[in-house]
Amino acid sequence: MPPTLSETFDDRAWLAGETVAGAKLGYNCQVRAVGGEYEGQEGWVVGIEPLDPEPIYTVEFPDSHPCAELTESLLALAA
């Protein structure tokens, strides 16, 4: 059985801002929620839980909530 994303994920590289396989969004990048209860809000990625089939990001939304955890499919880079 191949290793899971959580077993191979390089969190140090991700925190250093490097592109890491399995994560489309980087540390401290500005994002917009494109679905769910935070849809339309913008914030910054401050953490990641590298899970299969998609990572869960911790996003700081300064206007409404300190932090929320959202799957990658609910986030896009902010324009």
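The model is predicted: local features need pLDDT of at least 70, side-chain atom pairs count only at pLDDT 80 or more, and totals for chains, interfaces and linings use all residues. Residues are numbered from 1 along each chain as its sequence is written, and side-chain values use heavy atoms, leaving out hydrogens and water. The protein chain averages a pLDDT (the predictor's confidence in each residue, from 0 to 100) of 88. At least 70 is reached by 95% of the residues.

The protein chain holds 2 helices and 5 strands. These are DSSP runs numbered from the N terminus (helices: H or I, at least four residues; strands: E, at least two). Their order along the sequence is α-α-β-β-β-β-β. Among these elements, mean pLDDT is lowest in helix α1 (residues 5-8), at 70, and highest in strand β5 (residues 75-77), at 97.

The C-alpha atoms fill a box of roughly 40 × 25 × 20 Å along the principal axes. Of the 79 residues, 33% count as buried (under 20% relative accessible area; exposed is over 50%, partly exposed in between; 1.4 Å probe, protein chains only). L15 lies in helix α2 (residues 11-15). L15 is partly exposed, with a relative accessible area of 47%.
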